[in-house]
Amino acid sequence: MRRAGGVLAALLLLAGVAFAILHGQTGTERTVTVRGLIGSEKLDFFNDPAVVDELKARGFKVAMETTGSWSMAGSSLDGYGFAFPSSLPPAEEIRRQRQISTEPVRPFYSPLVVVAHAPVADVLLKNGLATKGSSGVWTFRMGDYLAAVQAGRTWQQLQDTAGHADLSGALYIRTTDPATSSSGALHLAAVAYLANGGTVVSDDASLAKVTPLVQKLTQMQGDQKTSSDGPFKDFLSGIGDPLVLVYESQVAALVAQGRSTGDLVVLYPDTTVSSDHTAIGLTPDGDRLAGLLRDDEKLRALEARYGFRPQADPGAFTGALAGRQSPAVFAPDLSAAGIRQAPVPAFGMLSKLIDAAKGR
Amino acid sequence: MRTRAIRRGGLAAAALALLLTGCTGDPKPREEDLSPTPKDGVLRILAGSELQDMAPVLEEARKATGVTVQFAWTGSLDGADTVSSGRADGKYDAVWFPSEHYLRLDDAAKSELVSQTPVMVSPVAVGVRSGMLSELGWGDGSQVTWGMLGDAAAAGKLTYGMADPSRSNSGFSALVAVASAFSGASAALTDADVAKATPSLQRFFTGQKLTSGSSGWLAQAYQQAYRTGAGNRVDALVNYESVLLSLNRTLPAADRLTVIRPVDGVVSADYPLSLLASAGQPARDSFQRLTKYLLRTDVQQRISEQTLRRPVTAEVAPAAGLPTDRRRELPFPGSRAVADGLLASYQNELRRPSRTVYVLDTSGSMEGSRLDALKRAMARLAGADDTRAVRRFRDREEVTLIPFASEVKAERVHQVPASAPEGELSAVQADVQGLTASGGTALYSTLEEAFRVVARQQAAAGDDRFTSIVLMTDGESNQGASEADFRSFYGQLPAGGRTVPVFPILFGEAAKGQLQGIADLTGGKLFDGTGQAAGSLDGVFEEIRGYQ
């Protein structure tokens with residue numbers, strides 16, 4: 001009797017496991033914990049209870065540690081199941097260093113944008129530095145901007161700046177420190193691409209050609225913050241520079257979550273770079289998790305709620321913003337809005353570009 | 001177990017009192033309540049003393065998140081040194097200063113920090129006595145420039161207090177702002193900009209009549225001077241907008257300040273709470289819970305209402321009384337060389353020179369290790385090793401040494417020249433090393449003599465200097481004039497004499513009551529050199545430099 005009861009119990013247990021597998025459910029013993037090293041901008045996403053629940057339903061628990069995406073390539077990755085920097089160059093560097101042959105997964109991306117308060121955007125419009133499309137999407141004219149920087153233009157020299165106490169001094173876009181932060185580094189890549197006549201910087205000759213401009217743009221800013229959260233918070237608090245470079249996702253997350261962005265205007269540089277949030281599996285579980293972040297419909301909707309654009313689901317981003325009233329207008333489709341993507345130099349050349357910008 | 005500031009009840013009133021006691025500038029952080037090892041639910045933060053007014057908010061944070069904050073207090077620039085040298089690792093989990101501008105200029109310090117999270121904002125502004133605005137022709141103060149402030153200072157119409165830029169973020173921010181404005185620099189300052197602005201900066205600094213190691217003490221000194229008449233009455237204070245507005249809440253109407261954010265630009269503090277890269281996972285979890293709480297809409301609202309700083313979220317309006325028109329944010333220098341060069345210029349060229357009198361107890365009880373400690377502390381001030389002009393006797397400074405015991409033993413006057421100061425500094429060294437210990441302690445008689453020396457020096461030179469007296473003693477006064485004698489002597493000093501603060505240093509068996517009385521009477525501040533650690537007297541002598 002006892003033995004038969006034991007067999008019966010075992011059978012029931014097996015049936016339960018089979019049920020769980022077939023239905024994608026998990027008992028606690030089926031959940032694998034994956035350690036991930038992620039860029040800090042994705043921390044809120046991974047902490048969201050809805051994200052935690054969906055990952056759990058798919059058999060994962062993620063233990064996160066955060067670091068600057070740019071420094072991730074230099075970190076020890078032993079013991080991690082996946083790394084998730086916010087752009088491709090450090091991801092490529094990690095794959096090279098660890099000789100990883102599987103394709104990196106890019107679950108979502110977010111373009112770099114310029115933010116300005118509404119009266120400042122109007123000044124840019126009047127001076128031909130920005131345009132506003134019929135759909136309300138603003139475009140920032142990078143070529144004209146860089147020409148103004150090269151000419152040493154100040155805000156006071158522009159039309160219609162009288163009465164704006166915050167509009168004085170040199171015209172420039174405030175960025176983060178390119179040596180520590182990918183937004184600052186990717187912006188330099190876009191500038192260098194334009195300054196090199198629409199060709200990616202790939203050798204020392206073209207590097208020398210663009211060095212004066214990238215150096216000027218960096219040194220005129222003086223002290224730069226180490227990550228993109230700082231300049232954006234300064235902007236929202238009403239201090240800081242008139243033009244600030246941020247990720248679209250920083251603004252879109254606030255709007256998608258029904259929070260105010262004040263009179264903030266999103267300006268899409270006509271040539272920009274997107275941060276390709278790239279997940280690199282370091283273990284088989286990490287590989288599966290990376291795929292899930294790209295393919296799971298619920299996760300994609302949640303990604304959009306944090307302002308990211310899911311690669312495989314263009315509708316998710318506009319869906320998350322639908323019905324939200326905000327002065328910040330987002331481009332549903334970047335290429336349709338005429339926004340070009342500048343190619344980013346390889347990691348080694350980008351590092352040289354950063355050193356050149358910092359005068360090192 | 002938890003920190004005294006955070007746990008105690010009835011905190012709203014205590015917070016301002018703490019703010020006004022202003023105790024930053026200690027080269028060594030004060031950390032008596034700090035857990036020696038990491039603990040779950042505890043975040044150990046090395047912080048600027050400006051953050052003391054966050055106590056009520058952090059008490060509510062503890063209830064809501066279970067995270068208890070333990071603070072160690074230090075000055076912003078000293079804190080940057082602690083981080084860059086790695087001395088913060090393992091000892092603290094996070095840092096929280098008004099700004100990390102200076103810290104970031106050091107690559108080593110910068111790489112020690114992660115997750116820098118601005119929590120609130122306050123620009124460095126100028127609070128001018130409201131009654132003076134109309135006589136200066138400044139209307140409601142909303143259109144005033146740094147140039148107008150400089151002109152008024154140069155014309156003798158405006159005096160002000162400003163914290164020492166080599167120590168305090170508010171002083172450094174103001175120095176950067178005024179140098180940017182006067183040089184006409186359209187972007188981050190360079191050495192050439194600083195050189196170009198030098199004449200205008202010198203004019204501006206003729207109005208600085210009060211200096212201090214911390215922004216908190218400055219507010220306290222202003223209040224004391226008008227309430228009790230002790231120390232220097234100034235017309236204006238350079239300080240955080242939040243400190244000026246908080247001070248107004250405690251001042252009688254006649255003494256209130258109109259807060260001017262110069263229209264040509266400001267440098268703001270954004271109070272980033274930053275995790276040390278060395279912190280372990282439990283501290284990281286506590287850090288995340290706390291920062292998330294502090295950025296909540298309702299909490300941002302409360303922070304703005306209680307501290308009069310500005311919120312960092314767009315949906316929260318700044319508290320009533322905070323104007324919302326924007327100012328240009330002046331860029332901070334991008335290199336340590338420019339920043340340190342600006343500080344050295346301020347100390348050695350731009351500010352009014354100092355007249356500094358050291359009254360040094362060399363009675364018999366000082367024999368041995370005490371005299372050695374005194375010699376070492378004074379020798380550091382006469383030494384050359386001083387990266388950001390934080391302690392050495394400045395170019396153009398007049399230094400008088402008055403060693404005493406039963407009577408004054410000597411009066412040695414040293415004029416540090418405007419350039420090539422090494423020879424005179426060596427002469428100070430020689431005098432210091434020649435001190436010997438013997439005799440009793442005629443404290444008050446010697447102090448009276450120091451005031452007479454100052455009066456003679458002022459009369460002979462006919463100049464206008466930051467003038468102060470440092471009084472170091474290891475015992476009670478047991479000879480010569482009594483405390484009552486000294487009070488009556490002090491009461492009969494001409495008005496000019498009564499603007500000279502005395503900074504007493506408690507050492508050995510000195511009588512704290514006597515020394516505190518001298519500090520209060522003269523508008524000075526008592527410093528404690530009795531710490532057991534070797535070098536604690538060094539730290540105190542260095543800290544006082546911020547007030548000279």
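In this predicted model, the C-alpha centres of domain 1 and domain 2 of chain A lie 32 Å apart. Domain 1 of chain A covers residues 2–108 and 276–321, while domain 2 of chain A covers residues 111–274 and 328–357. Where the two domains meet, domain 1 of chain A contributes 21 residues and domain 2 of chain A contributes 22 residues.

On the domain 1 side of this contact, three helices of chain A each supply at least two residues: H4 (88–97), H12 (297–305) and H13 (314–321). The largest share, 4 residues, belongs to H4(A).

Chain A also meets chain B, with 31 residues of chain A in contact with 34 residues of chain B. Strand E2 (60–67) and helix H9 (229–236) of chain A are the elements that give two or more residues to the chain A side. Of these, H9(A) provides the largest share, 5 residues.

| H8(A) with H14(A) | 5 residues | 3 residues | 1 residue |

The last row concerns a pair of packed helices. Two packed helices are described by the angle between their axes and the distance between the axes. The axes of helix H8 (residues 204–219) and helix H14 (residues 347–357) of chain A come within 7 Å and cross at roughly 55°. H8(A) and H14(A) are therefore oblique to each other, and H8(A) passes H14(A) in a right-handed crossing. From H8(A), the contact takes Leu207(A), Thr211(A), Val214(A), Gln215(A) and Thr218(A). From H14(A), the contact takes Lys352(A), Leu353(A), Ala356(A) and Ala357(A).

Helix H21 (residues 536–544) of chain B has 8 of its 9 residues buried, so it is largely enclosed by the rest of the structure. The buried residues of H21(B) are Leu537(B), Asp538(B), Gly539(B), Val540(B), Phe541(B), Glu542(B), Glu543(B) and Ile544(B). These buried residues pack against one helix of chain B, H16 (369–381), and against strands E15 (466–473), E16 (502–506) and E17 (527–528) of chain B.

Key: Residues numbered from 1 in each chain as written. Chains lettered and ligands numbered in written order. Predicted model: local features only at pLDDT ≥ 70, side-chain atom pairs only at ≥ 80, totals over all residues. Domains from an automatic or database assignment. Contact = placed C-beta atoms within 7 Å. Axes fitted to C-alpha atoms, helices over the stretch in contact; angles between N-to-C directions. Parallel < 35°, antiparallel > 145°, perpendicular 65-115°, else oblique. Left-handed = near helix turned anticlockwise from the far one by under 90°. Nonpolar A, V, L, I, M, F, W, Y, C, P; charged D, E, K, R; others polar. Buried ≥ 20, exposed ≤ 12 C-beta atoms within 10 Å, placed from the backbone.
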